[in-house]
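Could you walk me through this structure while I have it open in my viewer? I'd like to know what to select next and what is there.

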Amino acid sequence: MRFPLLQPRWIGLHLVALLAVAACAGLGYWQFVRAQEPDREMITNPVEDLAGAAPIGSVLEPGAYMSETEANQAVSATGVYDRDDPLLAPALSPEGDEGYYVLVPLVTEDDTALTVNRGWIPESDADADAVGGLPALPEGEVEVTGWLISPQKEQDGYAPLSVPEGQVARIAPSLLVNEWPYRLYEGYLTLAEQRPASTGGDVAAPREIPPPDPPQGIVWNWRNVSYAAQWWVFGVAVLVFWISLMRREQADAGAGAGTDGGAGTPGPGGDGPSGGPGDPAGPGGSAPPVAEPAAPGR
């Protein structure tokens, strides 16, 4: 047969080999994913975190660089709201709706303030009258608790077409220092609790922002890693065995074709094989003797 690897039995073998290789690869990947277990010590309860919130001064200094390890932890601060300088920062709701974060400075000491994110409001409530109708911030000293968040970068959130007065493009101290006359902490606080609470207001309070996702470290389960390696080795073995069978089949087919083509080779006489009718020696293999001419009489 011209294409021995396309015989029905080989087509079935090809399908079985492909399924076996795919199964080994899939099972190996599944074991590899299972090997990456989250570190349970790093998964925390946001409510419990608030109970153990650290004072902002023990975590971060005003104007100091804020590392990623200092973000997403519960902190508390005490100060007085500057109620005359609220700002809006473009932001998306958890569902992806366009709107704004409501920002206000909490003056913690002379010339120092912490940016507090009160919550999210929809885009329809972003006019000055609606912002002024939000529940009023308490007067005098207030204690706030929430999560310390890193400054927003240019790619965070969504970029508005314009930034009118009373708004800021993103929550970053490099922009807020141009709006507020304070020395600012680099991070900002996402408000979770406030004492005393805001009161009154003609419109609903800003929507509470969910706490940040807790960091999830990875602990490798080496037993599952070994299982993944074993499945992948099995898949490679199936692939090698499959290729070896195909090469052997090709070699056997080539050898058979060479044997069939060697029969019936013509002999040197030109009419048939050696020893045939075309051979002067005839079937006996020797030529008949040639008679010598008789000598003339004397």
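Start with the aromatic pairs: there are 2 of them, counting rings of Phe, Tyr and Trp (its six-membered ring) with centres within 6.5 Å, where planes under 30 degrees apart are stacked, over 60 edge-to-face and the rest tilted. Select Phe32 and Trp232: their ring centres sit 6.2 Å apart with planes at 40 degrees, so this pair is tilted. Phe32 belongs to helix H1 (residues 8-34) and Trp232 to helix H6, so the pair ties together parts 200 residues apart in sequence. Helices here are DSSP runs (H or I, at least four residues), numbered from the N terminus.

Next, pick Trp231 and Phe234. Their ring centres are 6.0 Å apart and the planes meet at 85 degrees, so call this one edge-to-face. They are 3 residues apart in helix H6, about one helical turn.

Now hop to Trp242, also in helix H6 (residues 222-260). Is Trp242 buried or exposed? It's buried, at 14% relative accessible area (buried is under 20%, exposed over 50%, partly exposed in between, with a 1.4 Å probe and protein chains only). Show His14 too: its side chain makes a polar contact with that of Trp242 at 3.1 Å (N or O atoms within 3.5 Å, one able to donate a hydrogen and the other to accept it; residues adjacent in sequence count only if both atoms are side-chain atoms).

A note on the model: it is predicted, with local features needing pLDDT of at least 70 and side-chain atom pairs 80 or more, while totals for chains, interfaces and linings use all residues. Residues are numbered from 1 along each chain as its sequence is written, and side-chain values use heavy atoms, leaving out hydrogens and water.

Definitions and conventions. Helices (H or I, at least four residues) and strands (E, at least two) are DSSP runs, numbered from the N terminus.
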